[in-house]
Amino acid sequence: MSVCILLASNSALAAERVVLKYNVFRETIAVEELSTFAQTGALSSSLRINLALARQDPKVIRQYLTTPVKVSPVLLDRVLNSPVGNIILDELSQVIHTPSRSADRQALRSALSLSASGDGQMTLIEIIQNYPTPNVEVDGERLGNAYRQLRSLQARLENLFGF
């Protein structure tokens with residue numbers, strides 16, 4: 001019974017909508033819609049239009065969303081709860097953040113930890129799915145930067161801890 005309650009509460013805390021921002025364009029779509037695109041490559045009409053207006057290549061966006069970054073959940077937790085981790089979280093929150101821009105560090109720390117906890121790796125789509133607010137904003141033009149920051153985090157963990 002407690003497992004059911006835990007699973008129900010986790011899904012209640014997961015993002016439901018993502019606001020994709022490209023310059024002056026802002027499109028709110030369901031996280032499920034973005035997840036379907038990430039998993040299958042199938043674009044909804046609204047996502048197709050949004051990416052076309054922003055002159056973004058869907059294949060590149062999909063690659064950023066789905067390419068995994070391997071991390072040890074334990075080491076990730078240690079780093080994210082350190083002064084260096086706060087810097088990393090602040091950098092990532094320039095791309096993925098709460099609509100109000102409050103508690104970005106905490107929300108992102110939670111999403112990163114949840115994403116890495118199951119299999120020792122994380123993807124940007126998992127981070128968006130695990131974001132603990134109903135809405136999450138994503139700067140689509142800087143999605144590549146967020147992916148590179150995750151890869152940099154992976155390299156830092158490998159160098160510091162030999163993971």
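Guide: Two strands pair if DSSP finds at least two bridges between them. Strands (E, at least two residues) and helices (H or I, at least four) are DSSP runs, numbered from the N terminus. This is a predicted model, where local features need pLDDT of at least 70, side-chain atom pairs count only at pLDDT 80 or more, and totals for chains, interfaces and linings use all residues. Residues are numbered from 1 along each chain as its sequence is written, and side-chain values use heavy atoms, with hydrogens and water left out.

Visitor: How do you know that β1 and β2 pair?

Guide: Six bridges join β1 to β2 (residues 25–30) in the antiparallel sense, against the required at least two. One of the partners is T28 in β2, bridged to V19.

Visitor: What makes β1 and β6 a pair?

Guide: Between β1 and β6 (residues 135–139) there are five bridges, and the two strands run parallel. In β6, D139 is the bridge partner of K21.

Visitor: Why is R55 called exposed?

Guide: Exposed means over 50% relative accessible area, buried under 20%, and partly exposed in between (1.4 Å probe, protein chains only). R55 has 79%, so it is exposed. R55 lies in the loop between α3 (45–53) and α4 (58–66).

Visitor: Why is the aromatic pair called tilted?

Guide: Rings of Phe, Tyr and Trp (its six-membered ring) pair if their centres lie within 6.5 Å; planes under 30 degrees apart count as stacked, over 60 as edge-to-face and the rest as tilted. The search of the whole structure finds one aromatic pair. The ring centres of Y64 and Y147 are 6.0 Å apart and the planes are at 35°, so the pair is tilted.
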